[in-house]
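This report describes a model and how its parts are arranged. The sequence and structure come first, and the description follows.

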Amino acid sequence: MILFISDLHLSPRSPGATALFLRFLAGRARQAEALYILGDLFEVWVGDDIDDAYHTAIISALRAASDAGLKIHLMHGNRDFALGERFAAAAGARLLPDPFDLVLPEWSFVLSHGDALCLDDPDYTAYRAKVRNPAWLQKMLARPRFFRRQLGRYIRWRSRRRKRDLNLVYTDLQPAATDDFIRDHGYATFIHGHTHRAATHDHMVDGIHVERWVLADWHEDRGECLVWDGEALKREALVPENRP
Amino acid sequence: MIKLTTNHGVITLELNAEKAPKTVANFLAYVEAGHYDNTIFHRVIKNFMIQGGGFEPNMNQKPCSAPIENEAANGLKNKRGTVAMARTNDPHSATAQFFINTVDNDFLDFKSPSGQGWGYCVFGEVVEGLDVVDKIRAVKTGNKGFHQDVPVEDVIIEKAEIV
């Protein structure tokens, strides 16, 4: 069994989603062989050397699941693009390139965060070109830690404000580019996140039917994972546990 | 009064609508909708409590209505034999799941209106069938899926009705 998740946007400001994820790692995820996190696990990431208690707790939880036998794969998102090898090693996870062809004996998938195909928003395309440039990233990560901590706080504040003020609408994938992408990846079933519009789309590319599964983003009171059981994909809701 | 007919016997609850009006109204709405029929006590810890009302016998979680306000500041204590609402980390998140305290659990009482201090809202008590509760608390439990303290043999609420 393989699980796919994305867009958790974890931060100290999202205790509910964080608790859901920690419980998921300690419970549900351990029934699977592999977990694929397709970007934006974190709301912001400004360097693997920022070792505050919050990040340490998440890293230990990933490590514990990994030590228990879960193979964790992690892709960068547009928010946590600075996640590096040091983080991956500490968490017992493997960083994946985007896109990544997941070829199983029984089926083929292509995995991506999804933002690279959102080509209809010129502002976003320019932003992406900047932050995904290795030289820019290297320069950013070379800044002092206090500066990057500040930067992280600023980015979180700005994104909260933008969501509040603009009722933020995410641009969707560009249809022609998506068809090309599917063609380039051998008509494999396409799984991605980023748009926060969970849905399953049917594409006809060169007369071949291809499914595109968009993963759901996580909220304070609910999350979702996509489950591959060897035969079919199925969405599974993750809700907080009731306790006294 | 609420009559819970279980496969271990009948438990009768008296609800306190005066002290916990919203919680009682919420519980009654679930009873009337038949939500609790064929649900299980899925979390049983002998010297703590028995919790149920959220899962079907195969550990399928049932859908619930909107969460309610936490009325734990009503002065009712989590004493043995009282009924209270289960919830998530969010103090105001109780939906359908409830628990019956099998011992005095003072630490579950309201302390302050913030974070962990909110406690768990007592809204009634067992007036008949505490022996049934004691039978249930003593059943053998284990892990099921990723749930702990789940009775090995289902403890089923066959019917919940207003009497």
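## Chains, helix packing and contact

Of the 244 residues in chain A, 34% are buried. The model is a predicted one. The secondary structure of chain A consists of 7 helices and 11 strands. Its radius of gyration is 18 Å, close to the 18 Å that the globule rule gives for 244 residues, so chain A is as compact as a globular protein of that length.

Chain B has 2 helices and 10 strands. In sequence order these elements run β-β-α-β-β-β-β-β-α-β-β-β. For chain B the radius of gyration is 14 Å, close to the 15 Å given by the globule rule for 163 residues, so this chain too is as compact as a globular protein of its length. Buried residues account for 42% of the 163 residues of chain B.

| Chain | Span of the C-alpha trace |
|---|---|
| Chain A | about 55 × 45 × 35 Å |
| Chain B | about 40 × 35 × 30 Å |

Sequence separation of contacts can be stated for each chain. In chain A, 69% of the contacts between residues at least 6 apart in sequence join residues at least 24 apart. In chain B, residues 24 or more positions apart make up 69% of the contacts with a separation of 6 or more.

### Helices H1 and H2 of chain A

Two packed helices are described by the angle between their axes and the distance between the axes. Helix H1 of chain A covers residues 15–26, and its axis comes within 9 Å of that of H2(A), with a crossing angle of roughly 15°. H1(A) is therefore roughly parallel to H2(A), since angles under 35 degrees are classed in this way. The crossing of H1(A) past H2(A) is left-handed. On the side of H1(A), the contact is made by Leu22(A), Leu25(A) and Ala26(A), and on the side of H2(A) by Ala61(A), Leu62(A) and Ala65(A). By class, the residues of this contact are 6 nonpolar, no polar and no charged.

Ala61(A) belongs to helix H2, residues 53–67 of chain A. Not counting residues up to four places away in sequence, Ala61(A) touches Leu22(A), Leu25(A) and Ala26(A). Ala91(A) is 30 residues from Ala61(A) along the chain, and the two C-alpha atoms are separated by 7.9 Å.

### The contact between the chains

The contact draws 11 residues from chain A and 14 residues from chain B. On the side of chain A that touches chain B, 4 residues are nonpolar, 3 polar and 4 charged.

Ala86(B) lies in the loop of chain B between strand E5 (82–85) and strand E6 (98–101). Apart from neighbours within four places in sequence, Ala86(B) is in contact with Asn242(A), Arg243(A) and Pro244(A) of chain A, and with Gln51(B), Ala94(B), Gln97(B), Phe98(B) and Phe99(B) of chain B. Ala86(B) counts as buried because it has 23 C-beta neighbours inside 10 Å. From Ala86(B) to Lys111(B), 25 residues apart in sequence, the C-alpha to C-alpha distance is 17 Å.

Note on methods:
Residues are numbered from 1 along each chain as its sequence is written. Chains are lettered from A and ligands numbered from 1 in the order in which they are written. This is a predicted model: local features need pLDDT of at least 70, side-chain atom pairs count only at pLDDT 80 or more; totals for chains, interfaces and linings use all residues. Two residues are in contact if their C-beta atoms, placed from the backbone, lie within 7 Å. Ala, Val, Leu, Ile, Met, Phe, Trp, Tyr, Cys and Pro count as nonpolar, Asp, Glu, Lys and Arg as charged, and the others, Gly among them, as polar. Helices (H or I, at least four residues) and strands (E, at least two) are DSSP runs, numbered from the N terminus. The radius of gyration is taken over C-alpha atoms; the globule rule is 2.2 Å times the number of residues to the power 0.38. A residue is buried if 20 or more other C-beta atoms lie within 10 Å of its own, exposed if 12 or fewer, and partly exposed in between; C-beta atoms are placed from the backbone. Axes are lines fitted to C-alpha atoms, for helices over the stretch in contact, and angles run from 0 to 180 degrees between N-to-C directions. Angles under 35 degrees count as roughly parallel, over 145 as roughly antiparallel, 65 to 115 as roughly perpendicular and the rest as oblique. A crossing is left-handed if the near helix is turned anticlockwise from the far one by less than a right angle, and right-handed if clockwise.
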